[in-house]
4 protein chains.
Amino acid sequence: MSYKRSFLMEERLADNRQRILKAARALVAEGGFNHASIAAVAASAGMSAGAIYRYFPSKSALFVEVLTSAIDHEIAILQAIVQGEGDVTARLRACVESFANRALEGPYLAYAFIAEPAEQEVDEARLLGRIRFGEVFKSLLIEGIEKREFPAQSIDIGAACIVGAFTEALVRPIAPRAKRDGRAELVEGIVAFCLRAVGAKIF
Amino acid sequence: MSYKRSFLMEERLADNRQRILKAARALVAEGGFNHASIAAVAASAGMSAGAIYRYFPSKSALFVEVLTSAIDHEIAILQAIVQGEGDVTARLRACVESFANRALEGPYLAYAFIAEPAEQEVDEARLLGRIRFGEVFKSLLIEGIEKREFPAQSIDIGAACIVGAFTEALVRPIAPRAKRDGRAELVEGIVAFCLRAVGAKIF
Amino acid sequence: MSYKRSFLMEERLADNRQRILKAARALVAEGGFNHASIAAVAASAGMSAGAIYRYFPSKSALFVEVLTSAIDHEIAILQAIVQGEGDVTARLRACVESFANRALEGPYLAYAFIAEPAEQEVDEARLLGRIRFGEVFKSLLIEGIEKREFPAQSIDIGAACIVGAFTEALVRPIAPRAKRDGRAELVEGIVAFCLRAVGAKIF
Amino acid sequence: MSYKRSFLMEERLADNRQRILKAARALVAEGGFNHASIAAVAASAGMSAGAIYRYFPSKSALFVEVLTSAIDHEIAILQAIVQGEGDVTARLRACVESFANRALEGPYLAYAFIAEPAEQEVDEARLLGRIRFGEVFKSLLIEGIEKREFPAQSIDIGAACIVGAFTEALVRPIAPRAKRDGRAELVEGIVAFCLRAVGAKIF
DNA sequence: CATGAATGAGAATTCATTCAT
DNA sequence: TATGAATGAATTCTCATTCAT
């Protein structure tokens, strides 16, 4: 196996893997997990159904990865903001804005994030994702309370509520077949709600 | 066919319809939408699978109604609170408490409310349900702002955020296979979050 | 549900069940367990593949029953002989003759009896069947030794050897696509072998 | 292509062929024919799946050869005994002992020998193997009768019965997931049965 | 020549829906 | 009108075989 051969090979394999994930993601965004059968994913990725199984051991595993990787990506962005500059209030605002804007741009993530999937394994991945999202906001809440930017409050509950609040406010606009308008006001409204909710002082 | 006969007939038909809905609801509560096959619903309702189709044109239609009627029931309770006594803040608190307590008691409604169902038609019913839930809180927000209990704010967004916040904070506790403890603190935490979020003065 | 309706219904259901078993048995006899897919059984029984699952919970269960019922039938016949008249030697001879003649008549049983099936559950049923066949001959051996018709010998091993001996001697003639000739001499040869093997006095 | 090159080539090819057979044999021994997919054989032989097809035209052909070569080996051992020293009775005893001991040591051969394989071609090879085993004992029987060690008897049938008897008595002990104990008594019991069956004088 | 990714034809199983009785 | 047996299409997954590289 020459170097070049191996290199091209690996690249193609990685390509296929990504193509499958992308196709699966797109199908989930379009019609939910149930719309994304293995056959549909394969067709959309331009390969046979059997080929999927060279890259993923099962349908569950594929969709767990679809969900997890989307959430990973989202969380990495939020964590960069959390660890960035500025006071806690500003960073909380930035997190919500950032997530909301991306959700409105490419609606699939938030949609899948809320969706109840068929498979138990995917279900568990989704719950875990929600928890991980909560952690991000938990760290902000803790810091905000320490620095007296926010009043004392229940941290776990607050973090979950924030996630739920902006998620829900995005659900209708990002739902399949829904119009998306007035984005700026929407985002600003969500941010305002969250900042008030945590007791940020600017309001 | 005499009047009486016809009357009894209709009554029986209505009875069967309710039996089916009840059975379907119970099965969804037990194991989610996927656990409730037509055969299972029929068996649980004490009738044949074919008989279901005398009352509902399809499985989707049945589950749309299961969802809708559950939401109707929930909304009727909330609206009674909204139209009741007390200042807006107290009624908002009562709404959230009431919903949260019932969700923690019988977790299926809230779970199904958040869940993404298999069928597209059910999906749409769920979205509609979320909107209708929002309406309830919208009316409270409008009244609260009018009466100067709450500051001016985006009403649509606020209503959606409230629904999302308490929904999400309940997801983990009500998810299948999850423990439910510290209910009082949980409910109080959610209420506090929501009241802060709408700018209620008590805080 | 009237009596007549119920009666006819049950009869038809029982009929179908038997038709499925018969079709499965025939396919196994023709081409072994692997030749008998659910689709093939269904086609051969004149029904859809899905219908099989109204009568049997799984493919394994179907073939376990095919095997078990064939063995049950065979064992019942042998046990009747064992508990019948005559000295032990005569009854041992009758058992072997009876089994061999039926195997040569309808070869499927002996063939399936020897076959290694794909499914683990069927495999276990097959092993159990062999053991049960052995038991029949064990009881004859015990009685024969007690009554001094046979010398002392290892009973478990002897029983297994008898089963193996006549089974094997029948395999070639009863194998699919094999000629069957000289039946009388074959049966007599097998009987003679077995009687000598247990030390019956006539030889 | 020089002579030497060609020679080495052929040697390597022969090597690969043996590696494949060895790997296939090992996999059959571990988990039966169904456990030995082409991919598994290839991986175990340290080559690609496609490469298998340079040496064997099909999976069936490979497993026919696995079976045949195992039987060849076994028969060679038995024939060496048959053509060795001692009276016929002693050599018959040695044959059965030898086979039984090896079967109990490495149970795969005997098991595969009895097993019904998936492919029809393998099935036929198995039947042929049984016949060839019979031949070995046929020659002993003929010699034994000639030398008056055994009484006159049906040779073909007797040979088949011997094969079946010791095979069957070994099935349970060598079946997957079965305990193997009391080997010495087992082997002695089988030998005794066979010697009595052919009318050897020692008993 | 060897590779191993891809194919494609099945495999078992499930279940909403229909329709003869 | 009610029944529930039967259908048939769809599902996930497996694997011998092929063929571009």
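Helices here are DSSP runs of H or I with at least four residues, numbered from the N terminus. With that in hand, let's walk through a few spots in this predicted model.

Start in chain A with helix α9, which covers residues 183-198. This helix has 16 residues, and from its first C-alpha to its last it reaches 23 Å, close to the 22 Å expected at 1.5 Å a residue. Most of α9(A) is tucked away: 12 of its 16 residues are buried. Among them you'll find L186(A) and V187(A), then a run that takes in G189(A), I190(A), V191(A), A192(A) and F193(A). R196(A) is on the buried list too, as is V198(A). Step past the end of α9(A) and you land on G199(A), where phi is positive, near 80°.

Now hop over to chain B. You can find R148(B) in the loop that links α7 (120-146) and α8 (155-174) of chain B. Is R148(B) buried or exposed? R148(B) has 65% relative accessibility, so it counts as exposed, the cut-off being over 50%.

With a relative accessible area of 65%, R148(D) is exposed.

Note on methods
Residues are numbered from 1 along each chain as its sequence is written. Chains are lettered from A and ligands numbered from 1 in the order in which they are written. This is a predicted model: local features need pLDDT of at least 70, side-chain atom pairs count only at pLDDT 80 or more; totals for chains, interfaces and linings use all residues. Side-chain values use heavy atoms; hydrogens and water are left out. Helices (H or I, at least four residues) and strands (E, at least two) are DSSP runs, numbered from the N terminus. The expected span of a helix is 1.5 Å times one less than its number of residues. Buried means under 20% relative accessible area, exposed over 50%, partly exposed in between (1.4 Å probe, protein chains only).
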